[in-house]
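Student: Could you take a close look at the charged side chains in this structure and how they pair? Please define the terms as you go.

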Amino acid sequence: MHPELGTAPVSFRLRPVTEHSAAILTVRPLAPETWDAFAELAERHNGVWGGCWCTWFHTFHAEKEFSYGANRALKERLVREGRAHAALVFDGDVAVGWCQFGSPDELKNIKHRKEYEAELDSLPDYRLTCFFVDKRYRRRGVSALALEGALDLIAQAGGGVVEAYPQDTGGKKISASFLYSVTRSLFEQAGFSYVRPKGKNHTVMRTTIDPAR
């Protein structure tokens with residue numbers, strides 16, 4: 001548990017939406033103060049991933065309630081209790097994307113978990129488990145900015161070993177709606193190193209983030 005996450009001050013990075021756009025995006029932590037913006041983004045997309053509300057990684061299968069309303073209520077409760085974290089990308093006051101992160105205790109469930117645990121040497125300090133981008137902003141660098149924002153927040157919280165499970169697309173173009181964990185190439189560009197495969201098309205990747213000065 002990292003109670004300081006989501007409340008620590010962050011030097012937010014700014015970036016144009018496109019090379020020729022005047023719009024500027026900012027990154028803010030998911031917290032009670034930004035819950036409404038997060039919820040509006042999820043609601044614009046029917047609760048994200050079929051009503052998941054980005055709760056899948058918080059609970060094991062036997063603990064889940066498979067409904068839009070229950071998932072929304074769970075996510076809001078976890079956010080208000082300081083047990084759900086993400087870097088939210090904003091265009092003005094409107095949230096347009098996120099990268100979810102947290103400790104293994106907070107995000108205890110991952111895809112292909114049995115295979116992952118069978119080859120595990122040590123748990124990371126943080127996991128990056130889920131990305132989502134508003135359909136109007138896809139393929140415009142929002143996922144990369146969300147990833148930078150999550151790593152900034154982790155640095156502000158003291159840094160540590162960070163693990164992610166992106167898809168290895170093999171250079172093929174895949175619909176953004178299927179890339180909940182984004183791509184191996186994006187993480188390589190961010191300085192992550194490949195550790196091993198996980199499942200059919202996913203990977204385990206790691207980096208170490210120094211504490212912010």
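Tutor: The term salt bridge means a side-chain nitrogen of Lys or Arg within 4 Å of a carboxyl oxygen of Asp or Glu. Arg206 belongs to strand S8 (residues 202-209), while Asp121 sits in the loop between helix H3 (113-118) and strand S5 (126-133), so the pair ties together parts 85 residues apart in sequence. Helices (H or I, at least four residues) and strands (E, at least two) are DSSP runs, numbered from the N terminus. Arg206 is buried at 18% relative accessibility, whereas Asp121 is exposed at 67%. Here buried means under 20% relative accessible area, exposed means over 50%, and partly exposed lies in between, for a 1.4 Å probe and protein chains only.

This is a predicted model, in which local features need pLDDT of at least 70 and side-chain atom pairs count only at pLDDT 80 or more, while totals for chains, interfaces and linings use all residues. Residues are numbered from 1 along each chain as its sequence is written, and side-chain values use heavy atoms, with hydrogens and water left out.

By the salt-bridge rule, the count is 13. Another of them joins Asp134 to Arg136, with the closest N and O atoms 3.1 Å apart. Asp134 is buried, at 1% relative accessible area, and Arg136 is partly exposed, at 49%.

A further salt bridge links Glu188 and Arg184, whose closest N and O atoms are 2.9 Å apart. Both residues lie in helix H5 (residues 184-189), 4 residues apart, which is about one turn of the helix. Glu188 is partly exposed at 40%, and Arg184 is partly exposed at 22%. Elsewhere, salt bridges with shared partners join Glu43, Arg72, Glu76 and Arg80 into one network.

Side chains of opposite charge can pair when their charged atoms come close. Arg127, in strand S5, is a case without such a bridge: Arg127 is buried, and the nearest side chain of opposite charge, Glu163, is 4.5 Å away. For charge, Lys and Arg count as positive and Asp and Glu as negative, with His and the chain ends not counted. The side chain of Arg127 does make a polar contact with that of Tyr165, at 2.9 Å. A polar contact is a pair of N or O atoms within 3.5 Å; within protein, one must be able to donate a hydrogen and the other to accept it, and residues adjacent in sequence count only if both atoms are side-chain atoms.
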